[in-house]
Amino acid sequence: SAEMMLRRGAVRLANSLDIELFTAATPNGHKVSIMLEELRVPYKTTVIALNEGAQFTPEFLAVSPNAKIPAIVDHGNNGHSVFESGAILLYLAERSGQFLPVDANKRSEVMQWLFWQMANLGPMVGQAITFNRFVNQPKEKIDYSIQRYMNESRRLYEVLDKQLEGKEYICGDLSIADFATFPWARAQRMAKVRIDGLQNLENWLARMKQRPAVGKGLAVGFPPGREQLAEKYSRDQPMNEAEKKRFFAEGNAYVTPVAT
């Protein structure tokens, strides 16, 4: 069939993938490392030290003009580079022929939920984390922001819970919509957003965490010497007090603008 021919061609393309991933241990970075692990293709990881400003170097800006991780270079495709996590997931799906349906309507559904995550869940949960954990201001000064982003994050989790009703994955079969959404859904504790009562969402999170490739992907992006923290993070184990202190210090260094 035409679909089978497409799949065979995609397997050949997947075998030619030669990916260098520029990333850090963040939800956006983990979207891509999870997908690469699910694809079972070898890839090189270059960790970008965000708290040290490594994202602003000319070398990284040549790959990611917006100075954000993740980004990739596909050395198996004339050194083609891609930035923006959603665009990377789509590129890898098209290059490999996996995790994106061939059927036009099913493909459209996956794209809708991919875009939903990029435009809604990621930004809102990200802001909830920033204001709850990293903004160094008296809480009463930023309470409106905290409540706004927490309430909207909860609403979005409810939207996702409804979509997951009767489904194993967001669009039925495992897809790039799941890889995009999982790291930000998993971040609900860091955002201090409750998901109690959202059983479909909790079941899906547990299902995703049980996938070996997901655990491997979550351990990617940590700098050298942080292997123990990477292992804890990938297994959902709590940080000790020293690890917490260092984590929040680095986060504050990233979100606090440097005076020039």
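User: How many bridges join β1 to β2, and do the two strands run parallel or antiparallel?

Analyst: First, the ground rules. This is a predicted model: local features need pLDDT of at least 70, side-chain atom pairs count only at pLDDT 80 or more, and totals for chains, interfaces and linings use all residues. Residues are numbered from 1 along each chain as its sequence is written, and side-chain values use heavy atoms, with hydrogens and water left out. Now the terms. Strands (E, at least two residues) and helices (H or I, at least four) are DSSP runs, numbered from the N terminus. Two strands pair if DSSP finds at least two bridges between them. Here, β1 and β2 run parallel, joined by 5 bridges. In that pairing, I19 stands opposite Y43 of β2.

User: In which sense do β1 and β3 pair?

Analyst: The sense is antiparallel. Strand β1 (residues 19-23) meets strand β3 (residues 71-74) over 4 bridges. E20 faces V73 in β3. I19 has D74 as its bridge partner in β3.

User: In what order do the strands form the open sheet?

Analyst: The order is β2-β1-β3-β4, an open sheet of 4 strands with mixed pairing. β2 (43-47) and β4 (80-83) are the edge strands, each pairing on one side only. Neighbouring strands are turned by 20 degrees against each other on average, direction ignored. For such angles, axes are lines fitted to C-alpha atoms, for helices over the stretch in contact, and the angles run from 0 to 180 degrees between N-to-C directions.

User: Which way do the residues of β1 point?

Analyst: Start with burial. Buried means under 20% relative accessible area, exposed over 50%, and partly exposed in between (1.4 Å probe, protein chains only). I19, L21 and T23 point one way from β1, while E20 and F22 point the other way; all are buried. β1 is therefore mostly covered, with 5 of its 5 residues buried.

User: Which strands does helix α2 lie across?

Analyst: Contact here means heavy atoms within 4.5 Å. Helix α2 (residues 27-39) lies across β1, β2 and β3, and runs at about 155 degrees to β1. Together, β1, α2 and β2 make a right-handed β-α-β unit. Right-handed means that, with the strands pointing away from the viewer, the path from the first strand over the helix to the second runs clockwise.

User: How many residues of α2 are buried?

Analyst: A general point on helices first. An α-helix has 3.6 residues a turn, so residues three or four places apart point the same way. In α2, 11 of the 13 residues are buried, so the helix is largely enclosed by the rest of the structure. Among the buried ones are P27, H30, K31, I34 and L39. Length is a separate check. The expected span is 1.5 Å times one less than the number of residues. α2 reaches 18 Å from its first C-alpha to its last, close to the 18 Å expected. Just after α2, R40 takes a positive phi of about 60 degrees.

User: Which strands does helix α4 lie across?

Analyst: Helix α4 (residues 85-96) lies across β1, β3 and β4, at about 135 degrees to β4. The helix has 12 residues and reaches 16 Å, close to the 16 Å expected. Of those 12 residues, 9 are buried, so α4 is largely enclosed by the rest of the structure. S96 lies in this helix and counts as buried because its relative accessibility is 1%. Just after α4, G97 takes a positive phi of about 75 degrees.

User: How many aromatic pairs does a search of the whole structure find?

Analyst: A pair of aromatic rings is described by the distance of the centres and the angle of the planes. Rings of Phe, Tyr and Trp (its six-membered ring) pair if their centres lie within 6.5 Å; planes under 30 degrees apart count as stacked, over 60 as edge-to-face and the rest as tilted. The search finds 6 pairs. In one of them, the rings of F99 and F179 have centres 5.0 Å apart and planes at 75 degrees, so the pair is edge-to-face. F99 sits in the loop between α4 and α5 (104-134), and F179 in helix α7 (residues 176-186), 80 residues apart. Both F99 and F179 are buried.
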